[in-house]
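Visitor: Could you walk me through the strands of this protein, slowly and with the terms explained?

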Amino acid sequence: RLAGGVLEQSGRFRTGGRGSGGRTDPLGSQGSLILTQDRSLLLAVNAGSGDISVFRVEGDRLKLGDVVPSGGSAPVAVAERNGLVYVLNAAADSNVTGFRLNFSGELTRIHNSIRFLSTANSGGSSLAFSPDGKTLAASGGQPGRSGEIRLWDLTARTSRALTGVHTDVVYAVSWSPDGQRLAAGSYDRLV
């Protein structure tokens, strides 16, 4: 960042995957690229190749480390909290898949961690951990028909759907700092 807040490109870095795959607006999502909580790693989803790339952040440079399958098709969002990583796969049977991230930047899939959105063709767009890390929110829906928000209690290993909140795809979710409220933005032009 330059004086006055102007951003300057410091480099371009290959993900080891196929990025978006060349589709129109393939990552209509929030969170396809995130820094880990400690800001030492950058996670990127590659919708075109169905994998996740992990970069080590070294000043203004990135060093590609691990590239692993996302556990589904067309990953569009990733969320991390305390080494726990979840990826939202939007195509085919839309699902959320869990991983453990170690200090070396290696991802290991969590056995039996795949969780499906309420319908196979829901699509997905956004993920967010609650501030306490106990709940994961995923959003998506069917264009022009319904929006969907699913909440997973990661401790109890249960989930519930919030329905009737939006009439079109929910493209973003974000928790309040105290974790008592969840904001959701939708193509129905409502928050």
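Guide: Two strands pair if DSSP finds at least two bridges between them, and strands themselves are DSSP runs (E, at least two residues), numbered from the N terminus. This is a predicted model, in which local features need pLDDT of at least 70 and side-chain atom pairs count only at pLDDT 80 or more, while totals for chains, interfaces and linings use all residues. Residues are numbered from 1 along each chain as its sequence is written, and side-chain values use heavy atoms, with hydrogens and water left out.

Visitor: Which residue of β13 does R150 stand opposite?

Guide: Strand β12, residues 146-153, pairs with β13 over five bridges in the antiparallel sense. Both belong to an open sheet of four strands in the order β10-β11-β12-β13. In β13, the residue opposite R150 is A161.

Visitor: With which residue does the side chain of R150 meet in a salt bridge?

Guide: A salt bridge is a side-chain nitrogen of Lys or Arg within 4 Å of a carboxyl oxygen of Asp or Glu, and the structure holds one. R150 counts as buried (under 20% relative accessible area, with exposed over 50% and partly exposed in between, for a 1.4 Å probe and protein chains only), because its relative accessibility is 12%. At 3.9 Å, N to O, its partner is E148.

Visitor: Which residue in the turn between β6 and β7 has a positive phi?

Guide: Strand β6, residues 84-91, pairs with β7 in the antiparallel sense over six bridges. The two form a hairpin with three residues between them, and the residue with a positive phi, about 55 degrees, is A92.
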